[in-house]
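Here are some exercises to work through with the model open beside you. Try each task before you read its solution.

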Amino acid sequence: MDRLTPVKPTSTPLKFCESAVGSDHQVARIFFYHEGVYTALRSQVPPQDEINIQSLWQDFSVKHTVELAVCIANGLKRGVLSESEQKRYGFDASTLAEHFQLTGLGQLIDAIAGSDRYVEFP
């Protein structure tokens with residue numbers, strides 16, 4: 001990355017993961033928690049002059065076969081619903097973006113236990 005290239009705070013974790021994969025490290029799962037779950041909200045429409053971070057995460061996931069896990073408790077609290085949760089709670093539509101999946105904290109614990117490193121971005 002060029003030293004003069006501005007990096008928006010929301011893209012820092014993605015840049016880190018791209019760098020890690022580019023250095024022959026493996027990234028198995030990204031866990032979106034707290035406000036980060038908004039990344040998986042399908043109904044967002046970023047302005048044309050801003051980075052579409054959701055699309056970039058989706059592309060990263062497909063290209064590198066990385067799971068995009070969204071905390072189910074935080075997601076539901078903020079309106080991020082999979083098809084099954086949408087039906088369960090009687091909403092008209094699901095709002096979970098493609099390539100993301102709602103999961104529990106067990107997925108985070110499993111990822112930490114099965115990895116040699118854990119990185120968290122506040």
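**Exercise 1. Work out whether Asp116 and Arg117 are buried or exposed, then find what joins them.**

Step 1: Asp116 is exposed, and so is Arg117; here buried means under 20% relative accessible area, exposed over 50% and partly exposed in between, with a 1.4 Å probe and protein chains only.
Step 2: The two side chains form a salt bridge, with their closest N and O atoms 3.3 Å apart. A salt bridge needs a side-chain nitrogen of Lys or Arg within 4 Å of a carboxyl oxygen of Asp or Glu.

Before going on, a word on the source: this is a predicted model, in which local features need pLDDT of at least 70 and side-chain atom pairs count only at pLDDT 80 or more, while totals for chains, interfaces and linings use all residues. Residues are numbered from 1 along each chain as its sequence is written, and side-chain values use heavy atoms, with hydrogens and water left out.

**Exercise 2. Find where Arg78 and Glu35 lie and say what their pairing ties together.**

Step 1: The whole structure has five salt bridges, and one of them joins Arg78 to Glu35 at 2.9 Å, N to O.
Step 2: Arg78 sits in the loop between helix 3 (72–77) and helix 4 (83–89), and Glu35 in the loop between strand 1 and helix 2, so their contact ties together parts 43 residues apart in sequence. Helices (H or I, at least four residues) and strands (E, at least two) are DSSP runs, numbered from the N terminus.
Step 3: Arg78 is buried at 15% relative accessibility, whereas Glu35 is partly exposed at 49%.

**Exercise 3. Describe the salt bridge of Arg88 and Glu85.**

Step 1: Their side chains meet at 3.5 Å, N to O.
Step 2: Both residues belong to helix 4, three residues apart, or about one turn of the helix.
Step 3: Arg88 is exposed at 60% relative accessibility, but Glu85 is buried at 9%.

**Exercise 4. Classify the ring pair of Phe16 and Phe121.**

Step 1: Rings of Phe, Tyr and Trp (its six-membered ring) pair if their centres lie within 6.5 Å; planes under 30 degrees apart are stacked, over 60 edge-to-face and the rest tilted. The structure holds five aromatic pairs.
Step 2: The centres of Phe16 and Phe121 are 5.5 Å apart and their planes at 65 degrees, so this pair is edge-to-face.
Step 3: Phe16 lies in helix 1 (residues 12–22) and Phe121 in the segment after helix 5 (105–113), so the pair links parts 105 residues apart in sequence.
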